[in-house]
Amino acid sequence: MTSNALPQRQPFSTAATAVRQIARAAAFVALGVGSAAHAASIRLEDDRGTTLELQAPAKRIVSLMPSLTETVCALDACNRLVGIDRHANWPAQVKGLPQVGGIDDANIERIVALKPDLVLLRPRSRAAEPLERLGIKVLALDAKTHADMRRVMETVARATGRPGAGEAFWRGLDARLNAARARVPLGWQGRRVYFEVHGGVAAASESSFIGETLARLGLANAVPGTLGPFPKMSPEFVVRADPDVLMVSALGEISTMASRPGWSAMAAIQRGRVCSFASARFDLMMRPGPRLDEAADAIVGCLVSLGDPRP
């Protein structure tokens with residue numbers, strides 16, 4: 001009797017153990033599924049200080065800034081763009097996308113009709129609030145410096161589900177900037193540049209991203225950063241600064257520069273030390289985006305063409 005009682009308890013003990021093991025395994029599976037779902041969400045902070053959570057990488061993106069459009073494409077996510085602003089023109093494949101207005105006059109109805117899961121825009125865009133009221137995710141980003149560009153690239157990379165891709169792209173870009181500096185002729189190193197913007201009424205100072213590019217190339221800036229990134233300039237200021245080279249947006253402007261008060265006496269005008277960039281080239285130079293190395297190459301190319309500035 002006793003010998004029969006002990007074996008009878010074995011099946012019950014084995015079954016109970018099996019049940020506990022199954023329950024424990026199910027709990028682990030459930031925990032794993034929950035963790036995976038949580039890990040799939042993407043938390044981002046934009047330049048308004050707003051935290052944005054995406055449940056999955058953005059697949060339908062509307063970009064309201066050319067530089068952000070270029071960044072998306074540089075990160076191999078161009079096929080996710082479904083709409084752009086009217087000024088975006090690079091790369092060529094974006095030209096066929098629906099245009100939804102500009103930075104300050106974006107067409108909300110057209111954007112909504114495109115069913116985006118993410119809209120990229122600048123922090124001061126008027127489109128942000130109405131889009132968010134309609135439940136559309138908005139990521140506001142702005143790049144004013146090289147450090148900003150690096151941060152924006154990685155933020156966009158994370159938004160598209162490719163963390164680290166932005167950093168990798170920046171490392172390559174940084175290496176190309178170093179290579180551009182190595183090509184600057186010795187005689188131009190440390191020379192002062194006046195980089196004219198906005199049709200001649202303003203200039204890129206030391207504190208602008210263009211000024212940073214000039215510094216990376218070993219050049220000096222005739223406009224101090226204390227005046228702001230793109231200060232309005234008087235012709236008299238430029239005459240007093242007497243830069244070694246002038247950089248402007250179009251060939252047609254060179255003929256009129258000498259007629260500005262006092263400019264005909266400047267050495268840069270008298271010696272023809274003027275870098276004039278075609279509109280498409282100048283356009284890319286004004287965009288704080290992934291073609292920063294092309295802007296640097298254009299600057300170096302012009303300096304080489306001008307020859308040695310030393311007497």
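The model is predicted, so local features are taken at pLDDT of at least 70 and side-chain atom pairs at pLDDT 80 or more, while totals for chains, interfaces and linings use all residues. Residues are numbered from 1 along each chain as its sequence is written, and side-chain values use heavy atoms, with hydrogens and water left out.

I start with helix H6. Helices here are DSSP runs of H or I with at least four residues, numbered from the N terminus. H6 covers residues 165-182. The expected span of a helix is 1.5 Å times one less than its number of residues. For the 18 residues of H6 that gives 26 Å, and the end C-alpha atoms are 26 Å apart, which agrees.

Which residues of H6 are buried? Buried means under 20% relative accessible area, exposed means over 50%, and partly exposed is in between, with a 1.4 Å probe and protein chains only. The buried ones are Ala165, Gly166, Trp170, Leu173, Leu177 and Ala180. They cover an arc of only 125° around the axis, which puts them on the same side of H6. That arc is taken from the directions from the helix axis to the C-beta atoms. An α-helix has 3.6 residues a turn, so residues three or four places apart point the same way. Arg171 and Ala182, on the other side of H6, are exposed.

What do the buried residues of H6 pack against? They pack against helices H5 (146-159), H7 (209-216) and H12 (292-306).

Next, the cavities. A cavity is a set of points on a 1 Å grid over the protein atoms alone where a 1.4 Å probe fits but cannot get out, and lining residues have an atom within 4 Å of a point. Grid points are joined across faces, edges and corners, and a volume is the space filled by probe spheres set on the points. The structure has 2 cavities of 30 Å³ or more.

The largest cavity holds about 70 Å³ of space. Its lining includes Met65, Asp142 and Met153. Helix H2 (66-74) and H5 are the elements that give two or more residues to this lining.

The second largest cavity has about 40 Å³. Phe209, Thr213 and Leu292 are among the residues that line it. H7 and H12 each supply at least two lining residues there.

Last, Thr155, which lies in H5. Thr155 is buried, at a relative accessible area of 10%. Leaving aside neighbours within four places in sequence, Thr155 is in contact (heavy atoms within 4.5 Å) with Leu44, Leu139 and Leu141.

Definitions and conventions: On a 1 Å grid over the protein atoms alone, a cavity is a set of points where a 1.4 Å probe fits but cannot get out, and a pocket is an open set with protein on both sides within 12 Å along at least five of seven lines; lining residues have an atom within 4 Å of a point.
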